[in-house]
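Me: I am new to this structure and would like to understand the words used for it. Could you take me through them, one question at a time?

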Amino acid sequence: MKKIFEKDFYGKKIVVEFGELAKQANGAVLVRCNDTVVLSTTCVSGNANLLSDFFPLMVVYQEKLYSVGKIPGGFIKREGRPTEAATLAARMIDRPMRPLFPEDFRNEVQVVNTVLSVDPDSPPEMPAMFGSSLATCISEVPFDGPVAGVKVGRVNGEFIINPTVSESELSDIELTVAGTRDAINMVEAGSKEVSEEDMLEALMFGHEAIKELCEFQEEIIKEIGKEKMEYPRLETSRELIKEVDALIRNDLDNALRIKDKLEKYAAIDKVKEDLVTKYKEENSDLSSDELNELVVKVIRIFDQVEYELFRNITVLEHTRSDGRMMNEIRPISTDIDLLPRTHGSALFTRGQTQSLSVTTLGALGEHQILDGLDIETEKRFMLHYNFPAFSVGETGRYGAPGRREIGHGALGERALAQVIPSEDEFPYTIRVVSEIFESNGSSSQASICAGCMSLMAAGVPIKAPVAGIAMGLITAGSEYTILTDIQGMEDHLGDMDFKVAGTRNGICALQMDIKIKGVTKEILKEALAQAKEARMEILDKMEATIKEPRPEVSKYAPKTLTFMINPNKIKDVIGKGGEMITKIILEASNVSAVTDINAVKVDLEDDGRVIIYHSDKEIIDKTAEMIQEIVREPEVDKIYNAKVVKIEEFGCFVQIWPGCEGLVHISALAKEHVKKTEDVVKLGDEILVKCLGYDKKGRLNFSRKDALN
């Protein structure tokens, strides 16, 4: 039976429909927010792999281009692999939900969001997060929700929940915050150098709205929610727990106190390997399945002891695993211009984390084309993040970027986009690539630092240098400690990964993920303040190597020349079938094909803007001269040397330069009366003419008679 639930929410109407669609899923709801419609479903498998060391949760976000009235581009006219935006949306939903499933739950869960209709003023990501939570809460799946999310903007000092497109354009904050009724547990933000105090206020403002959405879900769950399923657990005896604890506690404690990463990990692995070997040898009479189960139990106890010891060392003893103070940054080294032929390169090393970032400049026509649900169809600035397995001393998969790489690249891009000059100020497409060569935590923030330096080295006039730092949180009962510049183990065994990037003036990007149920305002405030101190210290290190953008781009980067022409003349520059622009490119560049790497690039904008790119200024100037020759306008009353190109009974047509022709009427050929045009001029003659301007029909007229005075 179909049921409908409605709520007015900050000027928008949320409608939840249940019982009509996807009835075979364990949980399914259709969520409408104005004209945006998303179907969210949750399904759970009947089997559980109790020996697995991870919870098999999959969150899918499917963009259907029919939802915005588009047909997919390319040869295959159907949706294919997820767009970058869809991948980021799926991650955004996964991150606040994952910590709320039971730790020992091992049944596979799939949460699928299908975007069916999109109103640009009601983006589908937040309805999808709402629907994902609600579909899971009403299903049999054990889940400690509900969870919800909102977008927060700020226009003229006023905070706005889920801003419209026009409001977003004016907003200096682009914040997505998610959480439960009690606490925030996920943050994703970009902002225009906003203060820590204002960002904290925005977070709390968003959480108040989240509480309303959670209460709305709770009302629905009470009416249609199913009883939660019983699920199998891997039971471990207290005797085994005590036995394993006694065997490993001292050795594991000593291993965790080793400062060097590789030595520490090797020592921890040795304790684990010895433990597993002991139990395998002592229980060789068990069947294969029984032995595997015992080994899994032993390893889980090992992990619990490691988790406890790490917390005691960090929180109760106030000691970090590498010996640093809680607010101390690892040693930093920076360098630029490592790669002689690239447009800009920089190396940023913080402890055992290292990013080599490279900036490439291209013509505006080389922008990225977006085939998605957003209004934007192209992107001029890109940051791509690569994380090879060798960066952590391992073998691994190579191929297309995964969700993690896409997410880290998007975070770095969001941070640096706040200081990228406008298209008018710097008419280039800009691509930054971060190659992670070493990693021991916080590689995304190293990418921001290295990327910023490479931009300055490339001569990109950014508004201010940007640095990033990753903060951590370790809890032990009611006690907690906030860590600056977390490394890999502190991220893996910690409770929060809180990344803050910004300039000296304020925050440009923010990202938070937690493994506990939420964090308080006090923890957020303390983390933001500690991150600001670290950011200033890192900026000092970066500016010691390169303080500001270089005044000129690299000699290997394309130079530019920009000027305006009459928009009506663009068709003349292009010519029939592109004939004229092709001729200009080939002649100016002295190449045989426009695809030649040495060919000049010409961008013609609809507003009449012409942008010419080439590394050789002479070729740029020659190209500009040829274009200006085509589009230049004759001046009224000015005398020109013209060539007769056509004879008619009523006069002759003359050309004052290629592409500019006009009529000399027979009455304007001479001072005396002229009976026949050929009596005065012949085809090919060169004569002086005076420009009379355009007549009412838009025809250009000249006079030979007036030029004779």
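Me: What makes K379 count as buried?

Reply: This is a predicted model, and the label comes from a computed value. Buried means under 20% relative accessible area. K379 has 17%, so K379 counts as buried.

Me: Why is the contact between E413 and K379 called a salt bridge?

Reply: The rule asks for a side-chain nitrogen of Lys or Arg within 4 Å of a carboxyl oxygen of Asp or Glu. Here the closest N and O atoms of E413 and K379 are 3.0 Å apart, so the pair meets the rule.

Me: Which labels do E293 and K297 get for accessibility?

Reply: E293 has 32% relative accessibility and counts as partly exposed, since that label covers values between the buried limit of 20% and the exposed limit of 50%. K297, at 17%, counts as buried.

Me: What makes the salt bridge between E308 and R249 a link between distant parts of the chain?

Reply: The side chains of E308 and R249 meet at 3.2 Å, N to O. E308 belongs to helix α7 (residues 288–316) and R249 to helix α5 (residues 238–256), and the two are 59 residues apart. E308 is partly exposed at 34%, and R249 is partly exposed at 23%.

Me: How many salt bridges are there by this rule?

Reply: The count comes to 46 salt bridges. There is also a network of salt bridges that links R320, D322, R324, R330, R350, D485 and E490.

Me: Why are β1 and β5 called edge strands of their sheet?

Reply: The sheet is open and has six strands in the order β1-β2-β3-β4-β6-β5, with mixed pairing. β1 (3–9) and β5 (57–63) stand at the edges because each has a single partner strand, which leaves one side of each without a neighbour in the sheet. Direction ignored, neighbouring strands of this sheet are turned by 15° against each other on average.

Me: How do you know that β1 and β2 are paired?

Reply: Two strands pair if there are at least two bridges between them. β1 and strand β2 (residues 12–18) have seven bridges, in the antiparallel sense, so they qualify. Within the pair, K3 stands opposite F18 in β2.

Me: Which helices lie on these strands?

Reply: Helix α1 (residues 84–97) lies across β5 and β6 (107–117), and α1 runs at about 145° to β5. Helix α4 (residues 196–224) packs on the sheet and touches β1 and β2, its direction making about 165° with that of β1.

Me: What makes the backbone stand out at A22 and S442?

Reply: Most residues other than glycine have a negative phi, and most peptide bonds are trans. A22 has a phi near 50° and is found in the loop between β2 and β3 (27–33). S442 has a phi of about 65° and lies in the loop between β17 (429–438) and α9 (443–457). A22 is partly exposed at 34%, while S442 is buried at 10%.

Me: Where is there a cis peptide bond?

Reply: The bond from G145 to P146 is cis, with omega near 5°. P146 is in the loop between α2 (125–137) and β7 (148–155).

Technical notes
Residues are numbered from 1 along each chain as its sequence is written. This is a predicted model: local features need pLDDT of at least 70, side-chain atom pairs count only at pLDDT 80 or more; totals for chains, interfaces and linings use all residues. Side-chain values use heavy atoms; hydrogens and water are left out. Helices (H or I, at least four residues) and strands (E, at least two) are DSSP runs, numbered from the N terminus. Buried means under 20% relative accessible area, exposed over 50%, partly exposed in between (1.4 Å probe, protein chains only). Axes are lines fitted to C-alpha atoms, for helices over the stretch in contact, and angles run from 0 to 180 degrees between N-to-C directions. Contact means heavy atoms within 4.5 Å.
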